[in-house]
Amino acid sequence: MKYIDEFRKKDSVMKLAEVIRQNAGRDYTFMEVCGGHTAAIHRFGLPSLLPETIKLISGPGCPVCVTGTDFIDKAVEYSGDKHVIIATFGDMIRVPGTASSLEKEKTKGADVRIVLSAFEALEIAKANPRMTVIFLAIGFETTVPGTAIAILQAEKDRTGNFFILCAHKVMPPAMELLLKGETNINGFICPGHVAAITGSRIFDFIPDRFKLGCVVSGFEPVDLLLSILMLVRQVNSKSPEVEIQYSRVVSREGNQIARKYMDEVFDPCDALWRGLGKISAGGLRLKKKYQNHDTDVIMPVTTELAREMPGCICGDILKGLKTPQQCPLYLVKCVPENPVGACMVSAEGSCNTWYRYKNAV
Amino acid sequence: MNRLISITEGSGGKQTHDLIKNVFEKAFGMPEPLTDSAVLEIKGSMLAFTTDSYVVDPLFFHGGDIGRLAVCGTVNDLAVSGADPLFLSAAFIIEEGFPLKDLIRIVESMAAEALKAGVKIVTGDTKVVGKGKCDKLFITTSGTGLVSPERKHISTAENVKAGDKLLVNGPLGNHAIAVLTARQEMGITADVSSDCASLNSLISKIFENCSSIRFMRDLTRGGLATVLNELAAMIKSGISINEIAIPVDEPVRGLCEVLGFDPLYLANEGKFLVVVAPGEEKKLLEIMRSDIAGAGTEVIGEITTDERHFVTIDTITGGRRILDMLSGMQLPRIC
C-alpha cells in the first residue's frame with residue numbers, strides 16, 4: 001500500500017533506530033502531543049527499539065481525553081429527551097460523566113448514534129426532520145473544518161433541526177500552558193494532522209519563547225523515528241526550531257481553504273480542558289450568526305456540578321507529569337471495560353494505550 | 001443490581017467472558033475450560049455438542065447470508081473440537097412482515113451449505129414475533145458430532161507445549177469487512193467477500209494426514225487476537241506471533257487503515273487456528289494449502305515459555321509489543 005509500506009520497512013526502521021542510538025548522547029524527554037502518535041508508537045513497538053535514554057511522554061492531544069465531564073453531563077441530559085438523537089464519534093459513548101455515560105443512557109433507550117463525521121450527523125438530521133439532532137463537536141483543528149462545513153451546509157439547506165454541542169479545542173494554548181508550568185520536556189513531536197490544517201507556523205512560539213524544538217511528525221514508524229532523530233539533533237546542537245518531518249502532508253501555511261471555513265464559522269473562546277482546567281482562548285465557539293445551531297444558546301441545560309472521580313490523575317497524565325502506572329485507580333478501579341477517566345476510554349488515551357500494550361515487552 | 005446489559009457484553013471479548021463467567025457459568029456450572037463445543041462421554045463414545053445464535057445485520061452480504069453462516073458456524077465449532085459434524089437443529093425467530101421470498105432464499109442457502117458440509121438438519125423450531133419485537137430474522141443452530149478418542153485433547157489444548165507452531169488457513173478479516181460494507185452506513189464500498197465456509201472437509205484431511213495436531217479454534221468474534229489470548233490463558237504459556245507472516249488481503253488492510261481497525265481483532269467465518277508439534281508445520285502447511293479452504297495457509301508463530309502468559313507480536317517494523325484481548329467492540333452484529 002503506497003504511503004504505508006515504505007514507511008514501515010524493517011530495514012529503514014532498523015537503520016534509523018541505529019542512527020538514533022549513535023546520536024543520543026544524553027537523556028532526552030520528548031512529548032508526543034497527539035494521541036494518534038501515542039497509539040502508533042505503541043502499536044509498532046517503537047519503545048523496544050529506542051535507547052533507554054530517550055523517554056517519550058504523552059501529551060494532551062487526545063480529543064476525547066481532554067473533553068470535560070460537564071460536556072458529557074450535558075450530552076447525557078439531552079439524550080434523555082425522546083425527541084433528541086445524539087450523533088457522536090464512537091469513543092465518546094463510553095466516557096463516564098458525573099452520574100452516567102451515553103452508553104448507559106443508550107442501554108436505557110436513548111437514541112445515540114455513532115458517526116464518522118459532522119456531515120453524517122447532518123444527514124441524520126435531514127432524514128429525521130421531526131427530531132432534534134445534536135452532534136457532539138469535539139476535536140482539535142483537525143475536526144473543526146468538518147464541523148464548519150456541516151454548519152454552513154445546514155444553513156444553506158435550512159436544516160433547522162441540526163445542532164452542535166461544541167467542545168472544539170485548539171492546540172497551541174494548551175502547549176503554552178504546559179510550558180509555563182513544571183516540565184522536563186526537551187522537545188515536542190508535534191501533531192501532524194492539526195498542522196496539516198493550521199500549518200507548522202502555529203508552533204513557532206515554542207522555539208522563540210521557550211527555546212524548545214518542535215518536529216511535526218507523520219504517523220508511521222519511519223516518520224516517528226525520523227522525527228525523534230531530528231529532535232535529538234536539535235537538542236545536541238542547541239538549535240531549537242520548528243521542522244516539518246511530515247512534509248508530504250504538512251506545509252508552513254497549512255490548508256488555506258480549511259482555515260477559511262474555520263474562521264468563517266468559529267470564534268476563539270476560553271475552554272475547560274479535562275485535567276488542565278480553563279485555558280484562555282483554548283477552545284472555539286460558533287460565531288453569533290450561526291448560534292441558531294448551538295445547543296448552549298438555543299436549548300441550554302443546567303447540569304449538577306460536574307465532578308471527576310477522586311483519585312483520577314488524568315490531569316497530571318495529560319500534562320506528561322505522571323504515567324498511568326502512578327495512578328492509584330489504574331488497573332484497580334479503572335480498566336477499559338469500566339473506565340473511570342477518559343484517558344482509559346479512547347484508543348488514543350495514554351491509560352488505554354498503556355493498558356493494551358502493558359508497556360512491558 | 002440495577003445494572004443493564006450493555007452492547008459490548010456481546011462483543012466476544014473480555015466483557016462477554018465476564019458475563020459468561022459471572023452469570024451463566026455460575027448458574028449452570030459448566031466444566032472448565034469453556035470450549036467451542038462441549039465434548040461429552042456417553043457409554044464409551046465421545047459426543048461433541050454445540051449451539052450458536054445468528055443475528056447478523058444485514059441478512060445478505062457479499063459471499064454469504066445469515067443461513068449459510070448459521071450452518072458454517074455450527075459445523076466449524078464442531079470440526080475444530082475434533083468432531084465429525086453429523087446433525088444440526090435450526091430454530092427461527094421471524095419478525096412479522098418478513099418477506100417469504102427472503103426466508104426461502106435463506107433456507108435454501110442453509111440446505112445447500114448443509115449438503116456441501118455433509119451434515120443433516122434434522123429438527124427445528126419456528127416462532128413469529130410482532131413487528132419490532134426482533135430485527136427481521138434470528139437463527140439458532142445446534143449441532144452434534146462424534147469425536148474419536150485420539151482427538152479428545154483438541155478442544156482442551158491439554159497437549160499444547162512450548163515450541164509448538166501456529167498456523168492460520170488464510171487471510172483475516174474478510175467477513176467483518178464484507179458485512180460492514182454491505183451495511184452501506186459509512187459510505188464505504190469495497191470488493192471484499194465474506195470468507196464464510198464450512199471447514200470440516202479440510203479439518204478431516206488434516207487429521208487423516210497429520211497425527212500431531214495439538215489444538216484448533218475458529219477465529220470468529222474477537223478475531224485471532226482474542227483466540228490467542230484465550231489459548232495463552234488455557235495453557236498458561238506465552239505465544240509469540242510474527243506480524244509479517246499474518247495473511248491479510250489488501251482491500252481489508254486498506255479499509256482497516258482508514259477506519260482504525262486492527263485486522264487481528266476482526267471476525268472471520270471460515271478461518272481457524274491450528275497448533276501443531278514442532279517439525280510438523282511444513283508438512284501441515286502442504287496438506288492445508290492443497291485444499292481450497294486452506295490455500296492461503298501460513299505459519300504465524302509459536303508457543304513460548306513466557307511466565308507472564310503474554311501474547312506478543314513482532315511487528316512488521318521489527319518492534320515488539322503485547323497483543324491483548326479485545327476490550328469494548330470494533331463492530332456491531334457481524335454474526
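This is a predicted model: local features need pLDDT of at least 70, side-chain atom pairs count only at pLDDT 80 or more; totals for chains, interfaces and linings use all residues.
Reader: What percentage of the residues in chain A is buried?

Author: A residue is buried under 20% relative accessible area, exposed over 50% and partly exposed in between (1.4 Å probe, protein chains only). Buried residues make up 57% of the 361 residues in chain A.

Reader: Why is chain A described as being as compact as a globular protein of its length?

Author: The radius of gyration is taken over C-alpha atoms, and the globule rule is 2.2 Å times the number of residues to the power 0.38. Chain A has 15 helices and eleven strands; helices (H or I, at least four residues) and strands (E, at least two) are DSSP runs, numbered from the N terminus. Its radius of gyration is 21 Å, close to the 21 Å given by the globule rule for 361 residues, so chain A is as compact as a globular protein of that length. The C-alpha trace of chain A spans about 65 × 45 × 40 Å along its principal axes.

Reader: Which residues have the most contacts inside the largest nonpolar core?

Author: A nonpolar core is a set of buried Ala, Val, Leu, Ile, Met, Phe, Trp, Tyr and Cys residues joined through side-chain atoms within 4.5 Å. The largest has 70 residues, and those with the most contacts inside it are Met175(A), Phe188(A), Phe203(A), Ile206(A) and Trp273(A). Contact means heavy atoms within 4.5 Å. Leaving aside neighbours within four places in sequence, Phe203(A) touches residues including Met175(A), Cys190(A), Cys214(A) and Val242(A). Another core, of 30 residues, lies apart from the largest one and has Ile164(A) and Phe266(A) among its members.

Reader: In what order do the strands of the open sheet in chain A lie?

Author: Strands of a sheet pair through backbone hydrogen bonds, either parallel or antiparallel. Two strands pair if DSSP finds at least two bridges between them. The five strands here have the order E2-E1-E7-E8-E9 (chain A), with parallel pairing. Strand E2 (54-61) and strand E9 (242-244) of chain A are the edge strands, each pairing on one side only. Strand E1 (residues 28-34) of chain A pairs with E2(A) over six bridges, and Thr29(A) stands opposite Lys55(A).

Reader: Which elements do the buried residues of H15(A) pack against?

Author: Helix H15 (residues 350-357) of chain A is mostly covered, with seven of its eight residues buried. Among them are Cys351(A), Trp354(A) and Tyr357(A). In chain A, the buried residues pack against helix H2 (35-43), E2 and helix H14 (314-318). In chain B, they pack against helix H1 (14-28) and strand E14 (320-322).

Terms used. Residues are numbered from 1 along each chain as its sequence is written. Chains are lettered from A and ligands numbered from 1 in the order in which they are written. Side-chain values use heavy atoms; hydrogens and water are left out.
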